[in-house]
Amino acid sequence: MSSKRTSLQRFRLKRDLERLASKEGRGTELVSLYVPPGRQISDVVTMLNDEYGTASNIKSNTTKKNVQDAITKVTQRMKMFKKVPENGLVLFCGAIPQNGPGSEKIELYIISPPEPIQIYLYRCDARFHTEHLQEFLKEKETFGIIVLDASSAAFATIQGKRLDIVKQITSGIPGKFRAGGQSARRFDRQREAKMQEYFNRVGEYASEIFLPIENLKSILLGGPGPTKDDFEKGNYLHYTLKEKIAATIDTSYVDEQGAEEVVEKSEDILRRIRYVEEKKIMQKFLREIGQDTGLATYGEDEVRKYLNNGIVATLLLSEDLENVRVTVKCSNCGYTKEETLKRHEVAEFEQDISGKGCPKCNVPTLAVEETKELIDELAEHAELTGTDVEVLSGETEEGQMLKKSFGGVAAILRYKAAA
């Protein structure tokens with residue numbers, strides 16, 4: 001599976017789980033069902049029928065009705081599948097209050113896991129159990145970074161989109177110029193002893209920071225000058241960490257800037273890490289914009305135009321986009337119109353068009369036919385034309401730049417559009 005497709009899938013899963021986690025029911029009225037691949041649909045339906053019978057013992061008539069209605073809806077949906085999909089199936093269903101007590105409405109959500117699920121679970125609770133899907137959002141690989149010179153060292157981790165500076169220490173080693181009257185040999189011996197002590201401390205901190213990380217992929221060693229090489233040659237690192245050193249990289253700095261230099265200069269090693277992927281995508285886009293090549297554009301209207309023409313190679317979307325695409329339709333003559341609104345503007349928009357005459361037939365039968373997240377609507381357009389979709393995080397500098405400077409929607413084109 002390509003990382004480009006994964007960035008969109010990951011965004012959709014994260015968004016869906018956040019919405020599900022925000023929903024609450026009364027008592028134990030919300031059903032969570034996890035069905036792993038290989039499980040027979042008939043076995044699941046039998047289990048649901050048994051649970052329906054068990055629910056008849058619930059004392060509260062309201063709770064009993066809501067639970068049984070949810071089980072019925074889940075059972076009906078399960079019967080629509082001939083077999084469980086290859087990654088399994090997750091369904092959430094229950095009576096969700098719409099506007100206070102007594103306004104409950106049965107809602108059903110189906111999630112297709114991005115990877116095969118291992119658990120078979122049925123549970124009734126006051127919340128949906130999304131924690132087993134949350135595992136798929138965790139970055140599984142972590143890279144360690146050590147940047148050092150004779151004066152200081154910094155320890156960092158890079159996991160997915162996050163570069164974290166974990167610790168910084170100073171060496172305590174005197175400069176190369178000795179105090180007056182001190183012999184050169186004695187000074188060198190003292191400095192060498194201080195260097196050994198410093199290297200040992202770096203090794204101890206590395207063990208303390210990196211050994212507990214279960215999914216530590218590799219360690220990148222960086223710094224200006226030969227100090228990092230001397231450190232690597234010695235036996236200062238725990239043997240399991242020393243075996244994980246993937247590269248030694250020259251940098252101009254030691255602190256956070258040094259760690260960022262290591263990331264930039266290790267793209268071949270880190271190419272699968274999302275932090276680097278987003279950096280490269282935005283750098284390419286900015287290069288095309290900066291050089292005015294005609295191979296990049298931004299803004300919803302411009303991007304939509306090129307998407308419709310089929311010449312977008314990569315669609316860049318900010319995960320922080322709060323816009324929705326609203327389709328208005330006249331039930332009398334079939335007239336349709338689409339508009340992009342902020343999510344919070346939709347309710348007022350629906351009220352405003354209610355009772356208004358249709359621009360085509362003048363009959364007041366306009367209504368909102370569909371509301372869709374702008375990210376989903378543009379991504380669907382892109383997938384129809386074989387366009388790669390990249391959803392950039394709001395946590396990175398690049399993702400923030402896409403949102404703040406370019407409106408959250410941009411594109412790299414396959415070729416320059418005709419004038």
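Mentor: On naming, helices (H or I, at least four residues) and strands (E, at least two) are DSSP runs, numbered from the N terminus. It's a predicted model, so local features need pLDDT of at least 70 and side-chain atom pairs count only at pLDDT 80 or more, while totals for chains, interfaces and linings use all residues. Residues are numbered from 1 along each chain as its sequence is written, and side-chain values use heavy atoms, with hydrogens and water left out.

Trainee: OK, I was looking at E261. Which helix does E261 lie in?
Mentor: Helix α8.

Trainee: And is E261 buried or exposed?
Mentor: Buried, at a relative accessible area of 12%. The cut-offs are under 20% for buried, over 50% for exposed and partly exposed in between, using a 1.4 Å probe and protein chains only.

Trainee: What is E261 in contact with, leaving aside neighbours within four places in sequence?
Mentor: T251, S252 and Y253. Contact here is heavy atoms within 4.5 Å.

Trainee: How about E260, where does that lie?
Mentor: Helix α8 again for E260, but E260 is partly exposed, with 31% relative accessible area.

Trainee: Let's switch to charge pairs. How many salt bridges does the structure hold?
Mentor: There are 28 of them, where a salt bridge is a side-chain nitrogen of Lys or Arg within 4 Å of a carboxyl oxygen of Asp or Glu.

Trainee: Which residue does the K14 side chain meet in a salt bridge?
Mentor: E319, with 3.3 Å from N to O. K14 lies in helix α1 (residues 3–21) and E319 in the loop between β11 (312–318) and β12 (323–330), so this pair ties together parts 305 residues apart in sequence.

Trainee: And how do K14 and E319 count, buried or exposed?
Mentor: K14 is partly exposed at 27% relative accessibility, whereas E319 is buried at 17%.

Trainee: What does the R15 side chain pair with?
Mentor: D16, in a salt bridge of 3.9 Å, N to O. R15 is buried, at 12% relative accessibility, and D16 is partly exposed with a relative accessible area of 27%.

Trainee: Where do E277 and R274 lie?
Mentor: Both sit in helix α10, 3 residues apart, about one turn of the helix.

Trainee: Where is D292 found?
Mentor: In the loop between α10 (274–290) and β10 (296–298). D292 counts as exposed, at 66% relative accessibility.

Trainee: And N362, what's its phi?
Mentor: Near 70°, which is a positive value for a residue that isn't glycine. N362 lies in the loop between α12 (346–353) and β14 (366–373).

Trainee: Is N362 buried or exposed?
Mentor: Exposed, with 64% relative accessibility.
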